[in-house]
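Have the sequence and the 3D view open as you go through the topics.

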Amino acid sequence: EVGSGTGYHAAVMAELVGADGLVATIERVRELAGACRANLARAGYPGVLVIEGDGALGYPERAPYDCILAACAARKIPDALLEQLADGGRLAIPVGGGHYQELLLVTKNAGKLSRESHGGVVFVPLVSDKV
């Protein structure tokens, strides 16, 4: 997950993937990453990996990922996220600027990427020095 916030979405994902799955969430803002860690621990999700860092860079240490979800809008899809996507993997990300973005589902099959639009959305921006 790119954009941890308070950790709610990471907890939902942890429920979906179960005990054998890995959920990693990246948050750029130190205070939010700390709050996310604390909230997840209090709620009984100590196995969720909370990383403080630039979400546009992903987290290559645990790649490839079957699924990457962005809770913030990028002006363009970060190359690092596409590179860290497993074959057969999916990336859901809002792309655009200002007060309107397009929710894209990117699927990687045999190294090729396909994109599918799922309509207009409004998300907070992805803050990055890299994108």
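In strand 4, Ala92 is the bridge partner of Leu69. This is a predicted model, so to speak of local features a pLDDT of at least 70 is needed, side-chain atom pairs count only at pLDDT 80 or more, and totals for chains, interfaces and linings use all residues. Residues are numbered from 1 along each chain as its sequence is written, and side-chain values use heavy atoms, with hydrogens and water left out.

**Strands and hairpins**

- Helices (H or I, at least four residues) and strands (E, at least two) are DSSP runs, numbered from the N terminus.
- Two strands pair if DSSP finds at least two bridges between them.
- Strand 3 (residues 65-69) runs parallel to strand 4 (residues 85-97), and four bridges join the two.
- Strand 4 also pairs with strand 5 (residues 100-109), this time in the antiparallel sense over eight bridges.
- Gly97 has Tyr100 in strand 5 as its bridge partner.
- The hairpin of strand 4 and strand 5 has two residues between the strands, and Gly98 takes a positive phi near 60 degrees there.
- Strand 5 goes on to pair with strand 6 (residues 112-121), antiparallel and over eight bridges.
- Asn109 has Lys112 in strand 6 as its bridge partner.
- In the hairpin of strand 5 and strand 6, with two residues between the strands, Ala110 has a positive phi near 55 degrees.

**Salt bridges**

- How many salt bridges does a search of the whole structure find? There are three, where a salt bridge is a side-chain nitrogen of Lys or Arg within 4 Å of a carboxyl oxygen of Asp or Glu.
- Asp54 and Arg28 form one of them, at 3.7 Å from N to O. This pair links distant parts of the chain, 26 residues apart: Asp54 is in the loop between strand 2 (49-52) and strand 3, and Arg28 is in the loop between strand 1 (24-27) and helix 2 (30-42).
- For accessibility, buried means under 20% relative accessible area, exposed over 50%, and partly exposed in between (1.4 Å probe, protein chains only). Asp54 is buried at 13%, whereas Arg28 is partly exposed at 34%.
- Glu52 and Arg30 form a salt bridge at 3.0 Å, N to O. Here too the pair links distant parts of the chain, with Glu52 in strand 2 and Arg30 in helix 2, 22 residues apart.
- Glu52 counts as partly exposed at 37% relative accessibility, while Arg30 is exposed at 57%.
- Lys76 and Asp79 meet in a salt bridge at 4.0 Å, N to O. Lys76 is partly exposed at 45%, and Asp79 is partly exposed at 46%.

**Nonpolar cores**

- A nonpolar core is a set of buried Ala, Val, Leu, Ile, Met, Phe, Trp, Tyr and Cys residues joined through side-chain atoms within 4.5 Å.
- The largest core has 17 residues, and those with the most contacts inside it are Val2, Ile68, Ile77, Leu81, Leu91, Ile93 and Leu126.
- Strand 3, helix 3, strand 4 and strand 5 each supply at least two residues of this core. Strand 4 gives the most, with four residues.
- Apart from this core lies another of eleven residues, among them Ala11, Met13, Val23 and Tyr45.
- In soluble globular proteins, nonpolar side chains tend to be buried together.

**Contacts of single residues**

- Contact means heavy atoms within 4.5 Å.
- Leaving aside neighbours within four places in sequence, Leu126 is in contact with Val2, Ala56, Cys72, Ala73, Ala74 and Pro78.
- Is Gln84 buried or exposed? Gln84 is buried, at 7% relative accessibility, and has its place in the loop between helix 3 (79-83) and strand 4.
- Beyond its neighbours within four places in sequence, Gln84 has contacts including Leu57, Tyr59, Pro64 and Ile68.
- Gly3 lies in the segment before helix 1. Leaving aside neighbours within four places in sequence, Gly3 is in contact with Thr25, Ile26, Glu27 and Ala71.
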